[in-house]
Structures are given as structure tokens and as C-alpha cells.
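This briefing is meant for a reader meeting the structure for the first time. It begins with the chain as a whole and then turns to one helix.

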Amino acid sequence: MLFEVWAPRAERVEIEVDGDRHTLDNDPQRRGWWTVEAPAQDGSRYGYSLDGGPLIPDPRSRRQPEGPDGPSAVVDHDLFAWSHERPAHDSLQSAVVYELHVGTYTPEGTLDAAAARLPELVELGITHVELMPLCPFPGTHGWGYEGVSLWAVHEPYGGPEALKRFVDAAHGQGLAVVLDVVHNHLGPTGNYLPQYGPYFTDTHHTPWGAAVNLDAPGSDEVRAYLLGSALAWLTDYRIDGLRLDAVHALADDRALTFLEELSAATDALPGTPRFLIAESDLCDPRTTTPRERGGLGLHAQWNDDFHHALHTTLTGESAGYYADFARAPLAGLAKTLTDVFFHNGTWSSFRERHHGRPVHRAGTPAHRFLGYAQTHDQIGNRALGDRLAASLSPGLLACSAALTLTGPFVPMLFMGEEWGARTPWQFFTDHRDPELAEAVRQGRRREFAAHGWAEEEIPDPQDPATRDRSVLDRAERDQEPHARLLAWHRRLIALRRAHPDLTDPDLASVRVAYDETARWIAFRRGDIRVVANFSKDAVEVPLGGESTRVLAAWQPVELPGPDGVLTLPAESCALLQ
């Protein structure tokens, strides 16, 4: 078997495979690369030694059976017997995405246990399952954003074979699989890349320290490393698309950016088209503008502005980045439904500068953007990890679902949202280094102490009970009001699938009316009108025109009379045709 590694600073490179040592030779055709042929098979354990140092994992390790600090293991991807082809989803236009954290989706916290629950998502109407990061990280439980070994799968989740079983099972039920990948930083434990070469650079600094090297000397190979990792998920594991974490934190000053390279390479893959979904706080439509029109060419991006406008409308919260949205929340919600970004060149008090860029509505399809009421970030980065269901009435949760699932954007739910789960989703870690564990614990407490929280109120990330509290309680699904909310979500998703108006990509055709004082909003998509009342009193909404039938309503409503006025009960919503 051929072993090869990029170690441009090393004078001597050795490899130990199943206890046998071999010396690598310089590759004369590739600067900084070392190669050797050595006996190995699927499961063989190995590690590299640089200049006589200790054995360390392979940067391109396909498996870390003993965790980030242990030896690498050979994976023969050809041994897996796939049973199903990729589902034929033509585009994201008809997608309904479900964000899922493997470690808390079930008590077992494994990919196999999650796969056993896939029929629930099919029944709900989900089309795409988005898995939070799966690369190895310290311990057993964590969010996954401190991963290392960007080609491997976290062993406590089940390792590489379990991911293939999950993807195969999902494809067998018509579900596409999206994987959240992190290219902007690596975790603090098990990151051996700096020993191999200039994977990081002090040219730029990020919240995590030195930046991943995308534009300094040696960056060609670093880009190739990240590109190879991304494509491996799409080919070796048959993943259908990638969610790219915090692309705004990728420091890249080269004329041809890494994201453009990744987009082009993804589009060039044979077979069913794959896709890339960006997380970005730049409010920049160029992120998803096609490359031939001067954009980065990513296929969609999360729209946090829609979330912020909806959240302030529902909760009245106004701290931090919610401040601008909370001044007139219904106006903000209306703006995001039509213009996508609230901050499209406007003043941001949170950033103390102008922010964003307008979206060209006539030329940008709505499915370039994902809309959502809750995500892992927006729940887990709260002090107590409390969901909307912890403080809102079932009626307001129904309104939230209606805006998300019938709005112009690709809708995304966070696991458990469909039944109004009241289990928190808190920040938890499993660092084995006592100093690092204490630093994380104290850092979390200091962060929220600055916002008035007492230290003892903040869950300890290192306490196993914090993870356990975050596991979904499926017993809720059969109880009220959860069962009713679950049925409501199923109904809305079914309507989205049945009525082409609700997946129409034309942003310019969306029409919105609202009353800030009375706290109602109505928007029109083709022949469908969606109306939501966020107030504690019934309201009269002047819809105009003629409504022929009620498609769905949280509380019973009568069709508008000749005057076109709809009477909508308190904290409720309706869809009319």
C-alpha cells in the first residue's frame, strides 16, 4: 500500500505500520511530499515520525479508532456494500432541511441509533438531513466544532462504517444527507498539523488564534488538503451536500478564493449534483452568486437575519444583535421576507458600522437562502440552552412554524422543534485535559456573567449531566401540546409540497403587509396567503381579494367576508387560498 504525507520542513520521515518501521523517500515530483510502499490492509494501525519524534496521526487519517491522539487506521472504502443510489433531488428548491446532532438525537448518541429514527423524518416530510460535524474530537460527547482529523469520523458515533450505514439508510428512504464541515479552525486537542507544515499562518488572526493558511506561503497544499477532505465526504461517503461553517472566518486574500475552488470542484463531480450551503454573517449575496457572474458560487446560505427578525417578533428580546430588529420587529420580519437581508447596507448598532449588501431580488432565486426559527447556535449559545418552547405558547410556536415552512426560503428545523421539544440544548464538552476543561468551564461562566448571570446558574460544559439534559425526550411526542404541534408541522410541510406557489423561487413576487401595533403579518405567495397573529387578542386583517378556502389554521377561522377582512384568533395563524 502507498503511504504519502506532506511534511515540507522534515529532514527525515518514518512510518510505523502494525509495529513495523519504514523510512519514507522524498517525492521528486512533489515538493515536500514523502512516500513509501508498506504492507497494510483495512484496519492496519499506523503513525508517522518526523525527524525521530514520537508517532503522530496522519493528517489525512481516515479513521482514529483511539481518538484524536491515537494511531491512525487504514480504511478500505471499497469494502462497503452500498444498497441504495443517491436520491434524485433536483435542487434545493423543494427541500425541507432537518438539523441533527448525532450525540443528542437519541440516548445512545450514535449514527446507527439515529438511522433507526429516519422513518420519523420521512413521515414528517423532511427531504434533507443535516448532520452536525462528525470529525474526531476529545472524549465522547461534544458539539463537534472542535474536531480534528478532517477525513475521519468520530469513533464514539460509530466511525466510518456507521456513517456509511446512515447515509445508505437515508438514501434508501429518499432522504438526502448534508454534513456540517469546519474549515476555519481545528480543535485544541489532537491537532498535529503544525508539526507537519504551515497549515496555519500568523498573517491573519481569528477568534481561535492563527488562521488556517489559505493565502500565505505553503497555502497551495493546505487548500488541497481541505479540498480533498470535502470531496472525500461527497464521494467516499456519498454525502449529498456540505454545510460550510462560518465562511466569513476564512481569511483568504488570494484572487481565486478557496471557496470558489471548492465550488468548482463540487460542481465538477460526476453523477447527481452535490451542493454547498454556507454559514455567513456577512449578509453578502455574492456568497451564492454563480461564479460566472463574479460570485463565490456556493449554492445556498443560512439567513440569520430572518431568524433574528422572527425571534424578536416572537420573544420581544432586544439584547446584543437583536437590538436593531427589536425596534420594529414586524417591519424587520417583513423586510427579510421580501429583501432577504435586514442588514443590506444599513447601520448595525451591534457592529457599530453599516453592514450587508442588497440582494438582487429579480435575479436571485429564493432557494439560495435557508430560513429557520431555531438552530444549534441560536439555542445552544444561550446561557441555559433554552428552546423557544420553554417560554412561548403553542400558538406562537405554530406561528413560528408557519412563517418558516411556508416562507420563501428553504425551511430548516432543528431536531425536536417539530413537536415543540422542551428539553434544552446546552453547550457541552468532554475535554480530557484538566486545564483545558477548567478554562472552558470558567470561560463560559465569565461570558454570561458579563450579561448578568450568576456563575452557579450556567451549566457546567464538562458535567455529563449537561449533555444528558440535551438529549431529546421522545415521550413528549405523544403528549399535548406536542402531538398537536407535530401534526401542525406535518400539515404545513405537506402543503408546501402540494402547492407550487410555496416553493416558487421568485423573491420579487412576495407581497407582505403588517401592523406593528396590532402585531399581525400577512404575506402572499402566488394564490396562497399566510397570516399570523402574534398578539394576545383577536385581530382583523384586511386581506382584500377573494379567499376560497382555508388550507390550514391553528385555531378555527371563517373565510373573510365580502370586505376581505379575516378575523384571526389570538396567537394563531392560517393559510388561505
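In this predicted model, 59% of the 577 residues of the protein chain count as buried. The protein chain holds 15 helices and 26 strands.

**Overall form**
- A compact globule of 577 residues would have a radius of gyration near 25 Å, and the protein chain, with 25 Å, agrees with that expectation.
- Taken along the principal axes, the box filled by the C-alpha atoms of the protein chain is roughly 85 × 55 × 50 Å.
- Among the contacts in the protein chain with a separation of 6 or more, 70% are between residues 24 or more positions apart.

**Surface and charge**
- The protein chain has an accessible surface of about 22300 Å², and carbon and sulfur atoms account for 49% of that surface.
- There are 52 positive and 82 negative side chains in the protein chain, and 4 Å separates the centres of the two sets.

**Helix 12**
- Helix 12 is largely enclosed by the rest of the structure, because 12 of its 13 residues are buried.
- The buried residues of helix 12 include Gly 395, Leu 396, Leu 397, Ala 398 and Cys 399, and Ser 400, Ala 401, Ala 402, Leu 403, Thr 404, Leu 405 and Thr 406 are buried in this helix as well.

Conventions:
Residues are numbered from 1 along each chain as its sequence is written. This is a predicted model: local features need pLDDT of at least 70, side-chain atom pairs count only at pLDDT 80 or more; totals for chains, interfaces and linings use all residues. Side-chain values use heavy atoms; hydrogens and water are left out. Helices (H or I, at least four residues) and strands (E, at least two) are DSSP runs, numbered from the N terminus. The radius of gyration is taken over C-alpha atoms; the globule rule is 2.2 Å times the number of residues to the power 0.38. Buried means under 20% relative accessible area, exposed over 50%, partly exposed in between (1.4 Å probe, protein chains only). Contact means heavy atoms within 4.5 Å. Accessible areas come from the Shrake-Rupley method with a 1.4 Å probe; for residues, only the protein chains shown count as cover. Lys and Arg count as positive and Asp and Glu as negative; His and the chain ends are not counted. The place of a charge is taken as NZ of Lys, CZ of Arg, CG of Asp or CD of Glu.
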